[in-house]
Amino acid sequence: MPFKKGEFVPEILKRAIRYSFKYGWHGRYANWQDALQKTTGYNAQTVLHRVKAGALQVKEGKYAYERDGITYSNIEVAYPLLAALLWIASQNDNRLSLVDYGGSLGTSYRQNLPFLKHLQTLEWRLVEQAMFVEEGRRNFEDEHLHFYYSLEEACKNNGTPQLLLFSSSLQYMERPYELLTKVVESNIPYLMIDRTAFIDEPEDRLTIQSVPPAFYDASYPCWFFSEAKMNMFLQNAFEPVWGFTSGQKVQLGLQELDYTGKLWRRK
């Protein structure tokens with residue numbers, strides 16, 4: 001039966017209208033290799049070139065902020081993340097050290113730096129793919145920001161960081177639980193998973209994300225983690241401090257999911 005003007009349109013129909021068969025998150029894949037074969041991969045040079053161009057414009061003062069290669073005139077303050085950084089620093093004589101795992105060329109660093117300059121010390125250790133590390137070391141390192149190839153390298157000569165941050169990055173790892181096992185076995189006191197969509201299912205779901213060309217032309221495997229499974233995996237080593245929504249939504253099929261975040265503290 002057709003809807004009359006002004007009549008309520010069901011939310012499921014709105015989602016169907018917004019659904020894109022070409023871009024966004026699609027599918028349910030059995031393993032990483034099956035999904036990877038149908039993608040361009042995240043390590044495509046086009047991704048680096050787009051992100052580098054935007055990050056350089058921020059570095060040169062032409063724009064205030066960059067994310068995924070898109071530049072903005074004003075910083076989009078991520079208040080929950082900033083609150084966590086300041087809260088942790090306040091418990092450590094205004095000193096903050098963290099590992100930003102998968103942090104591109106320093107997006108979150110530059111987003112938060114204006115609010116962290118007053119700290120006694122700030123060590124922002126960024127772990128990324130080799131091509132990002134090489135580019136970061138050439139053009140983006142400063143007194144606070146340094147780039148590393150692995151978590152082990154980031155911690156080897158610098159001591160244990162106070163926080164390990166995954167900001168929309170853990171879901172793009174082939175073996176995320178192997179990485180989390182290293183975190184559990186470490187002495188890192190705080191863990192934060194931010195800008196990540198969870199599903200209300202017993203198991204994780206592996207999809208393919210196709211990025212609209214307004215950002216860059218790429219596609220890659222992407223996990224949607226089971227919230228119950230993730231909580232159970234971490235519960236013996238960490239306890240939740242607080243959780244929050246970011247205000248951003250993603251559409252998985254006809255499901256609309258919130259990007260969320262959570263801060264954990266070691267027990």
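Mentor: The model is predicted, so local features need pLDDT of at least 70 and side-chain atom pairs count only at pLDDT 80 or more, while totals for chains, interfaces and linings use all residues. Residues are numbered from 1 along each chain as its sequence is written, and side-chain values use heavy atoms, with hydrogens and water left out.

Trainee: What makes the span of helix α3 agree with expectation?

Mentor: Helices are DSSP runs of H or I with at least four residues, strands are runs of E with at least two, and both are numbered from the N terminus. The expected span is 1.5 Å times one less than the number of residues. For the 15 residues of α3 (residues 45-59) this should be 21 Å, and the end C-alpha atoms are 21 Å apart, so the two agree.

Trainee: Which residues of α3 are buried, and how do you know that they line one face?

Mentor: Buried means under 20% relative accessible area, exposed over 50%, and partly exposed in between (1.4 Å probe, protein chains only). In α3, V47, L48, V51, G54, A55 and V58 are buried. Seen down the helix axis, the buried residues fall within an arc of 140°, so they line one face; the arc is that of the directions from the helix axis to the C-beta atoms. Their packing partners, by contact (heavy atoms within 4.5 Å), include β2 (65-67), α6 (130-139) and β11 (218-226).

Trainee: Why is the pair of E201 and R28 called a salt bridge?

Mentor: The term requires a side-chain nitrogen of Lys or Arg within 4 Å of a carboxyl oxygen of Asp or Glu. The closest N and O atoms of E201 and R28 are 3.3 Å apart, so the pair meets the definition. E201 lies in the loop between β9 (198-199) and β10 (205-211) and R28 in the loop between β1 (24-26) and α2 (32-36), so the pair ties together parts 173 residues apart in sequence.

Trainee: Why is R28 called exposed, and E201 partly exposed?

Mentor: R28 has a relative accessible area of 53%, and is therefore exposed. E201, at 23%, is therefore partly exposed.

Trainee: What makes E135 buried, and which residues share its salt-bridge network?

Mentor: E135 has 4% relative accessibility and therefore counts as buried. Its salt bridge with R138 has an N to O distance of 2.9 Å, and K52, E135 and R138 are linked in a network of salt bridges.
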